[in-house]
Amino acid sequence: MSCFAPSLMAEYLPGLDTVKHADEFGFIFNNVQVLLVYNNTNLVYYPNPFFEPLSTSGVLEQKPGSPIILKGRNLIPPASGGAKLNYTVLIGETPCSVTVSESQLLCEPPNLTGQYKVVVQVGGLHVSPGAVHIMSDSLLTLPAIVSIAAGGGLLLIIVILVLIAYKRKSRENDLTLKRLQMQMDNLESRVALECKEAFAELQTDINELTSDLDRAGIPHLDYRTYAMRVLFPGIEDHPVLRELEVSGNGQQNVEKALKLFGQLINNKVFLLTFIRTLEMQRSFSMRDRGNVASLIMTALQGRLEYATDVLKHLLSDLIDRNLESKNHPKLLLRR
């Protein structure tokens with residue numbers, strides 16, 4: 001059997017650690033008179049336990065599995081014999097395992113998530129120091145989920161805008177391509193028409209030229225004039241057409257040197273080496289190459305078969321070099 005102790009009136013003053021109060025207690029039981037006063041003794045009163053708020057906002061943020069600490073004072077009465085009070089802590093409607101010390105209660109919370117009111121029961125005292133919010137075990141909190149959703153939505157909008165811009169650009173490119181194709185077709189038609197007209201005019205000119213040739217004969221030049229115009233175009237009086245004139249006593253030496261050089265260029269190995277050495281010079285321009293080639297061909301007029309063999313050899317080397325360097329094949333015969 002249990003009952004609440006009588007309340008204190010004038011005997012209690014705030015700040016006292018203990019108050020003694022004489023009380024009688026007994027039982028009213030089936031009109032039994034002898035039990036009306038069962039004992040006459042002094043009851044010792046101690047201050048009620050006091051608990052501090054869980055947080056300034058009234059709601060304590062708590063991770064799952066973390067203990068809830070309730071701070072306070074007068075949690076263990078200073079009575080002889082080590083008397084302890086029976087505390088019950090409720091998280092919502094669920095009790096938790098409690099460990100009591102002089103200044104705090106340690107509550108092992110149950111497996112719950114969400115916000116619950118915390119109530120401490122001891123004797124006839126019911127105190128609520130606040131509420132506790134037990135967060136979920138989820139790796140992502142609500143703000144993080146909202147942020148990710150907002151970021152994903154923004155990214156989706158950007159992707160859609162990029163696709164729309166790409167589609168519009170593709171449509172513009174298709175229209176431009178079609179317009180260019182139409183222009184090319186029109187240009188091709190005009191070129192074909194002009195080619196037909198030019199061919200007709202050329203055919204007329206050829207017929208006129210043929211009739212002129214039938215009457216006057218085919219014009220031609222002598223070999224010497226033809227060769228000079230091919231090898232030295234634009235030069236009427238080239239030094240190769242004149243006798244060698246050297247002032248002083250150097251006439252014989254120059255003629256001897258030219259004869260020896262003529263013998264050397266008749267040697268295929270020397271001539272090929274001589275040409276390759278000249279081509280390796282950076283200052284050896286295209287005009288210089290043409291002049292040297294014309295002079296060598298003038299010197300080899302009596303040995304055209306030999307000159308043709310050298311040309312074939314040089315052309316083969318040129319083809320091999322162009323294949324290795326992957327140059328445009330149209331540049332092969334610019335030599």
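K268 is partly exposed in this predicted model, with a relative accessibility of 28%. Its salt-bridge partner is D309, and the closest N and O atoms of the two are 2.8 Å apart. D309 is likewise partly exposed, at a relative accessible area of 33%.

Where do D309 and K268 sit in the fold? D309 belongs to helix α6, which covers residues 304-325, while K268 belongs to helix α4, which covers residues 268-280; the bridge therefore ties together parts that lie 41 residues apart in sequence.

The structure holds 2 salt bridges, so let us turn to the one between D317 and R276, where the N to O distance is 2.4 Å. Here, too, helix α6 supplies the aspartate, D317, and helix α4 supplies R276, so this pair ties together parts 41 residues apart in sequence.

Is D317 buried or exposed? With a relative accessible area of 19%, D317 is buried, and that follows because the cut-off for buried is under 20%. R276, on the other hand, counts as partly exposed at 34% relative accessibility.

| Residue | Relative accessibility | Class |
|---|---|---|
| K268 | 28% | partly exposed |
| D309 | 33% | partly exposed |
| R276 | 34% | partly exposed |
| D317 | 19% | buried |

F25 counts as partly exposed, with a relative accessibility of 36%.

**The protein as a whole**

Stepping back, the protein has 6 helices and 11 strands. How many of its residues are buried, as a share of the 335? The answer is 16%, and D317 is one of the buried residues.

The accessible surface of the protein comes to about 26,300 Å², and carbon and sulfur atoms account for 59% of that area. As for contacts, take those between residues at least 6 apart in sequence: 52% of them join residues at least 24 apart.

Terms used:
Residues are numbered from 1 along each chain as its sequence is written. This is a predicted model: local features need pLDDT of at least 70, side-chain atom pairs count only at pLDDT 80 or more; totals for chains, interfaces and linings use all residues. Side-chain values use heavy atoms; hydrogens and water are left out. Buried means under 20% relative accessible area, exposed over 50%, partly exposed in between (1.4 Å probe, protein chains only). A salt bridge is a side-chain nitrogen of Lys or Arg within 4 Å of a carboxyl oxygen of Asp or Glu. Helices (H or I, at least four residues) and strands (E, at least two) are DSSP runs, numbered from the N terminus. Contact means heavy atoms within 4.5 Å. Accessible areas come from the Shrake-Rupley method with a 1.4 Å probe; for residues, only the protein chains shown count as cover.
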